[in-house]
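This report describes the fold, the strand pairing and the nonpolar packing of one protein. The sequence and structure are shown first.

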Amino acid sequence: MLWKCALTLIPMSVVFLAAADQTWKDKQVSQWNDDDAKQVLTDSPWTKTVTPTVNPAANSQRGMGRGGGMGFPGMGGMGRRGGMGYPGGGYPGGGYPGGGYPGGGGYPNGGDYPSGGQTGTTNDGGANSSQPPNLTVRWESALPVRAAELKTRDNNAPTLDEDHYAIAVYGLPARVANGNVQQLQDQLKKQASIKRDGKKDLKPSSVEVLQRENGPVIVYLFPRSKEITKQDKRVEFDAQAGRFQFTQSFYTEDMSYQGKLEL
């Protein structure tokens, strides 16, 4: 009888733990605490950690442009499930609830950001490293992500507009962004796409490389005129940067907040 009770209790405990892990889902943004915001930015339907594959041939195949600009070869293939505006650009509804962006530095109270190549971390992944860096792939334009950045006073977050989906990649080594920035952005644009079953690949309209103290942030901008809906179910982001090829799946059924798909 005791073992039957134990088996009954185990699934219930798993349910309670899962609910506790995503407490932000049942709260309004104004009720989020720092832990809620931290989870949205590090481990949520919009934020995933991916370990890229390394293409050693990319080092010898890349072409040099003006000022040492680098070109990179093609993309990796499809993968499986593994993760608005802002000061100076159109946050939905005209800004964060209650007014402007709160002051302060990096992650809560100016401290370090948790691991994953964000503010306060260094992710080398050097040329001689045997292990590629862990990358954070984040659906940057999603309202919960923008709200969490405001909550944590991350004033290094990218400035976005309302006309694009934005996916940001954090954690790449600094050398990826060496050389001619415009040539690099053009090359990264060619090597990225969003894939959906039964539909033509969605290509970025532009790519921005943002220099940050702890490494570059690459922001891929996709036109919202090519709408992504819940019916798409799974969307896969494919990209390559330097030697690093990576794919991350996002699931639209999970990317809802307060009953609305947020991308």
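Which residue in strand 8 is the bridge partner of Ser 193? The partner is Asp 238.

## Basis of the model

The model is predicted, so local features need pLDDT of at least 70 and side-chain atom pairs count only at pLDDT 80 or more, whereas totals for chains, interfaces and linings use all residues. Residues are numbered from 1 along each chain as its sequence is written, and side-chain values use heavy atoms, with hydrogens and water left out.

The protein has 5 helices and 11 strands; helices (H or I, at least four residues) and strands (E, at least two) are DSSP runs numbered from the N terminus. Of its 263 residues, 47% count as buried, where buried means under 20% relative accessible area, exposed over 50% and partly exposed in between, with a 1.4 Å probe and protein chains only. The protein exposes about 12900 Å², of which carbon and sulfur atoms supply 50%; these areas come from the Shrake-Rupley method with a 1.4 Å probe.

## Strand 8 and its partners

Strand 5 (residues 193–196) runs antiparallel to strand 8 and is joined to it by 4 bridges; two strands pair if DSSP finds at least two bridges between them. Strand 9 (residues 244–251) is also antiparallel to strand 8, with 8 bridges between the two. Asp 238 stands opposite Thr 247 in strand 9.

Strands 8 and 9 form a hairpin with 2 residues between them. In the turn, Gly 242 has a positive phi of about 65°.

## Aromatic pairs

A search of the whole structure finds 9 aromatic pairs. Rings of Phe, Tyr and Trp (its six-membered ring) pair if their centres lie within 6.5 Å; planes under 30 degrees apart count as stacked, over 60 as edge-to-face and the rest as tilted. Trp 24 and Trp 32 form an edge-to-face pair, 6.3 Å centre to centre with 80° between the planes. Both Trp 24 and Trp 32 are buried, and together with Trp 46 and Tyr 257 they form one aromatic cluster.

Phe 222 and Phe 237 also form an edge-to-face pair, with 6.3 Å between centres and 90° between the planes. Phe 222 lies in strand 7 (residues 217–223) and Phe 237 in strand 8, so the pair ties together parts that are 15 residues apart in sequence. Phe 222 is buried with a relative accessible area of 0%, and Phe 237 is buried with 1%.

## Nonpolar cores

The largest nonpolar core has 43 residues, and those with the most contacts inside it are Trp 139, Ile 194, Tyr 220 and Phe 237. Such a core is a set of buried Ala, Val, Leu, Ile, Met, Phe, Trp, Tyr and Cys residues joined through side-chain atoms within 4.5 Å. Strand 8 gives the most to this core, with 4 residues. A second, separate core of 8 residues includes Ala 166, Ala 168, Tyr 170 and Val 217.

Leaving aside residues up to four places away in sequence, Phe 237 touches several residues, among them Val 137, Ile 167, Ile 194, Tyr 220, Phe 222 and Phe 250; contact means heavy atoms within 4.5 Å.
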